[in-house]
Amino acid sequence: MDVTIIDCGIGNIKSVQRMFQAADGDAEIVSDPAALGDARRIVLPGVGAFDAGMSALGQGWIEPLNRLVIEKGVLALGICLGMQLLCRRSEEGVLPGLGWIAADVKLLDTGGDPKLKIPHMGWSVVTPARENPLIPSDEEQRFYHVHKYRAVCDREQDVLATATYGTTFTTAVQRDNIWGAQFHPEKSHRFGMALMRRFLAMPA
Amino acid sequence: MLTHRVIPCLLLSQSRGGLVKTLKFAKPKYVGDPINAVKIFNEKEVDELMVLDIDATREGRGPDFALIEDLASECFMPLCYGGGIRNAEDARTLFSLGVEKVSLQSALVANPGLVREIADHAGEQAVVVSIDVKKSWLGKPQLFSAAGVKPAFADWREAVKAAVASGAGEILLNAVDKDGTLSGPDLDLIREASALADVPLIATGGIASLADMKAATDAGASAVAAGAYFVFQGPHRAVLITYPRYEELRALWS
């Protein structure tokens, strides 16, 4: 299996699986932490509130995920709330995050423009902050965003890509084998399909 | 920076065998097969898609889950579904099939807490509250229910405020008198509603051109939805699915 999608009840699992399949990947959905086994690539999708997400992961997922991703270095990709859960904490909740990325999750800053409502919903151009194998810089990349919060990284080198909604915010993060996208590649047409393909092409 | 979504809104009518387009919420005209239409819109890389079953509540039934699953599997963009959603269980089923957002209206009259119940599970961004406004014979905007459910509010503005307060992530504002007319959006209505709602407002009704979309967003809409504009062509309303090119939309809002 190329990809293991975590289903802990917080995500649009089916859409993510469909997009990986459209990108010619074998993607399984796992809803029991004991079945994570020797996953090669782990995807953590999620929508909704931060604490709801961490509570769901608290049902037996955190320990096996730490073992696979931190100890064994398995490739991981967090999507939307899943990306926020990779961080230490969020202004939205009180529970600690996974803490894999040195970042705090904060409310979006629209720069005071009253026409820019929160949540930010829609397609935004995503600009890579550096050369990387997930988000290329040679062609304009557009992705569908739906979010109120954003990651604020301690280390500039963990910022993978940015987008702008009133102000510029971090919309993708990466440290070592851990990747995160605030946007929804599974709902971003050919841009998302190509991103899934590139994730599948990373050595695992 | 392009931040305004342009959303085709498709109306399902099982009694008429597929997709229809209405005129002022009446006179449904058959426009095609839903799966085929969704495939075409997917190929055209639309920003988002909205599918509303206009018969479900009126016929006292729930969503057609099998059909919706087929539609969702063709959508590599966000899909919003509305029509016949009675409770949180219906919404949960829809999300599990690959629908991103549910649009609510009639069920909220008996159960105003439904928005919060669904939002607590799936997030506020997943709940759209649909508000239909029609002018009275005196020209006064009033809440309207196509399904014939008596609205819970005397004033449409109260309905907007209550929807936001109850946890709606978006408001779908439908100018009923403009529906299908291709006569331009009701800008006064959009202006007033967007000032009341601090969540994104999707304006629909009357959109007939790119300039109309620009006018609607200038009036405060975060997104625009349209039906006739995307399915009819020419003065005889021949059915032809179209969608503006990305370059046109980018130029419109640059």
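Two residues are in contact if their C-beta atoms, placed from the backbone, lie within 7 Å. In this predicted model, the contact between the chains draws 24 residues from chain A and 26 residues from chain B.

- On the side of chain A that touches chain B, the elements giving two or more residues are helix H1 (13–22), strand E7 (120–128), strand E8 (141–147), strand E10 (159–165) and helix H5 (189–201) of chain A.
- H1(A) supplies the largest share of that side, with 5 residues.
- By class, the residues of the side of chain A that touches chain B comprise 11 nonpolar, 8 polar and 5 charged.

**Nonpolar core**

- The largest nonpolar core contains 152 residues, and those with the most contacts inside it are B:Val102, B:Ile171, B:Leu173, B:Ile202 and B:Val224.
- Strand E1 (residues 5–13) of chain B gives the most to this core, namely 6 residues.
- Apart from its neighbours within four places in sequence, B:Val224 is in contact with residues including B:His4, B:Val6, B:Ile7, B:Ile202 and B:Met213.

**Helix pair in chain B**

- Helix H3 (residues 88–96) and helix H5 (residues 114–122) of chain B have axes that come within 10 Å and cross at roughly 35 degrees.
- The crossing of H3(B) and H5(B) is right-handed.
- H3(B) contributes B:Ala88, B:Ala91, B:Arg92 and B:Phe95 to the contact, while H5(B) contributes B:Leu114, B:Glu117, B:Ile118, B:His121 and B:Ala122.
- The contact of H3(B) with H5(B) has 6 nonpolar, 1 polar and 2 charged residues.

**Backbone features**

- A:Ile118 and A:Pro119 are joined by a cis peptide bond, with omega of about 5 degrees; A:Pro119 lies in the loop between strand E6 (103–107) and E7 of chain A.
- A:His189 is not a glycine, yet its phi is positive, near 45 degrees. A:His189 is found in helix H5 of chain A and is buried because 22 other C-beta atoms lie within 10 Å, the cut-off being 20 or more.
- B:Arg237, also not a glycine, has a positive phi of about 50 degrees. B:Arg237 is placed in the loop between strand E12 (232–233) and strand E13 (238–239) of chain B, and counts as partly exposed because it has 16 C-beta neighbours inside 10 Å.

**A:Asp32**

- A:Asp32 lies in the loop between strand E2 (27–30) and strand E3 (41–44) of chain A.
- A:Asp32 has 10 C-beta neighbours inside 10 Å and therefore counts as exposed, the limit being 12 or fewer.
- A:Asp32 and A:Asp7 are 25 residues apart in sequence and 7.9 Å apart in space, C-alpha to C-alpha.

Definitions and conventions:
Residues numbered from 1 in each chain as written. Chains lettered and ligands numbered in written order. Predicted model: local features only at pLDDT ≥ 70, side-chain atom pairs only at ≥ 80, totals over all residues. Helix = DSSP H or I, 4+ residues; strand = E, 2+ residues; numbered from the N terminus. Nonpolar A, V, L, I, M, F, W, Y, C, P; charged D, E, K, R; others polar. Core = buried A, V, L, I, M, F, W, Y, C linked by C-beta atoms within 7 Å. Axes fitted to C-alpha atoms, helices over the stretch in contact; angles between N-to-C directions. Left-handed = near helix turned anticlockwise from the far one by under 90°.
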